[in-house]
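I open this notebook to record what I looked up in the structure.

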Amino acid sequence: MTFDFSNTRIFIKPGFIDFRTSKDRIIMTIENVMKQDPTSGAVFLFCNSCRMHLKLVWWDKNGFWVADKKLEKGRWPWPETQKEVQALSQMEVSLFLSGVDVFHRHEEIIIKK
């Protein structure tokens with residue numbers, strides 16, 4: 001399944017959550033820890049401690065969607081602190097969901113002539 005994230009704000013919760021946590025508790029985390037409105041239409045991304053499960057939560061006008069993806073091999077590149085979280089472009093989100101570590105990319109190199 002693919003998602004169209006164009007014109008959608010995406011928030012990443014750094015660190016990990018226990019995936020046994022209910023949807024309602026995750027929504028409380030969005031409100032109280034991330035300080036965001038869970039019904040804003042934004043997508044919220046969460047990861048478990050072994051970094052093999054990813055959970056997406058978003059509001060769709062009359063209810064919450066919750067999607068879960070488990071990697072069969074490898075681990076998600078995941079920021080551990082808020083400092084590591086940065087704004088991601090649509091292309092970077094697609095790369096991230098494909099398993100590319102966009103959080104530890106190198107800075108742009110500018111060559112002066």
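Confidence. I noted that the protein chain has an average pLDDT (the predictor's confidence in each residue, from 0 to 100) of 83, and that 88% of the residues score at least 70. This is a predicted model, in which local features need pLDDT of at least 70, side-chain atom pairs count only at pLDDT 80 or more, and totals for chains, interfaces and linings use all residues. Residues are numbered from 1 along each chain as its sequence is written, and side-chain values use heavy atoms, with hydrogens and water left out. I found the highest mean confidence, 92, in helix α1 (residues 23-32), and the lowest, 77, in α2. Helices (H or I, at least four residues) and strands (E, at least two) are DSSP runs, numbered from the N terminus.

Strands. I looked up β3 and strand β4 (residues 64-70), which run antiparallel and are joined by seven bridges; strands pair if DSSP finds at least two bridges between them. Four residues separate the two in a hairpin, and K61 in the turn has a positive phi of about 65 degrees. L54 has K69 of β4 as its bridge partner.

Cores. I recorded a largest nonpolar core of 15 residues, where L54 and W76 are among those with the most contacts. Such a core is a set of buried Ala, Val, Leu, Ile, Met, Phe, Trp, Tyr and Cys residues joined through side-chain atoms within 4.5 Å, buried being under 20% relative accessible area (1.4 Å probe, protein chains only). β2 (43-47) and β3 (53-59) each supply at least two residues of this core.

Surface. I found M91 in helix α2 (residues 90-97), with a relative accessible area of 59%, so M91 is exposed (over 50%).
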